[in-house]
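Q: I have a structure open and have not looked at it before. Can you walk me through it?

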Amino acid sequence: MKEEYERGAVCPLCGKHYTDHPALSRIDNETLICPECGTRQALASIGVDEEEQDEIIAVIYEHADRPGLHIVSE
Ligand SMILES: [Zn+2]
C-alpha cells in the first residue's frame with residue numbers, strides 16, 4: 001500500500017492525481033482520498049459550509065510547502 005501511494009494515487013472523490021500523503025475518508029474509514037478532500041471532510045464534519053471550505057483550503061495550499069515550489073519572501 002505504501003509503495004503504491006508514494007508514486008501518487010487518484011482520489012476517488014475528486015478524480016485528482018495526488019502525490020502527497022493520502023487522507024482517510026471519514027465516510028467509510030478505509031478509502032484513501034487526497035489531502036484536500038480529507039480537509040474538506042474534516043471541515044464539513046465540524047459544520048463548515050462549502051464556500052468557507054474553499055476559502056480555508058485556498059489559504060492552506062497557498063502556504064503549504066509544495067515540492068518544487070519555494071516560497072520566497074518579497
Ligand atoms: Zn480529492
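A: One term to begin with: a residue is buried if 20 or more other C-beta atoms lie within 10 Å of its own, exposed if 12 or fewer, and partly exposed in between, with C-beta atoms placed from the backbone. Q41 counts as partly exposed, because 17 C-beta neighbours lie inside 10 Å. This is a predicted model, where local features need pLDDT of at least 70, side-chain atom pairs count only at pLDDT 80 or more, and totals for chains, interfaces and linings use all residues. Residues are numbered from 1 along each chain as its sequence is written.

Q: Where does Q41 lie, and what is it in contact with?
A: Q41 is in helix α2, residues 35-45. Leaving aside neighbours within four places in sequence, Q41 is in contact with S25 and R26; contact is when the C-beta atoms of two residues, placed from the backbone, lie within 7 Å. Q41 and S25 are 16 residues apart along the chain, and their C-alpha atoms are separated by 7.6 Å.

Q: How many helices and strands are there?
A: The protein has three helices and four strands, in the order α-β-β-β-β-α-α from the N terminus. Helices (H or I, at least four residues) and strands (E, at least two) are DSSP runs, numbered from the N terminus.

Q: What about α3, buried or in the open?
A: Of the 14 residues of α3, the number buried is zero, so this helix lies largely in the open. Helix α3 covers residues 50-63 and reaches 20 Å from its first C-alpha to its last, close to the 20 Å expected; the expected span is 1.5 Å times one less than the number of residues.

Q: Which residues make up the largest nonpolar core?
A: That core has five residues: C11, A23, I33, C34 and C37. A nonpolar core is a set of buried Ala, Val, Leu, Ile, Met, Phe, Trp, Tyr and Cys residues joined through C-beta atoms within 7 Å. Not counting residues up to four places away in sequence, C11 touches K16, Y18, I33, C34 and C37. Of the 74 residues of the protein, 11% count as buried.

Q: Changing topic, what is the phi of N29?
A: N29 has a positive phi of about 65 degrees although it is not a glycine. N29 sits in the loop between β3 (23-24) and β4 (32-33), and it is exposed, with 7 other C-beta atoms within 10 Å.

Q: Where is confidence lowest?
A: Confidence is lowest in helix α1 (residues 2-6), at a mean pLDDT of 54, and highest in β4, at 96. pLDDT is the predictor's confidence in each residue, from 0 to 100. The protein averages 84, and 77% of the residues score at least 70.
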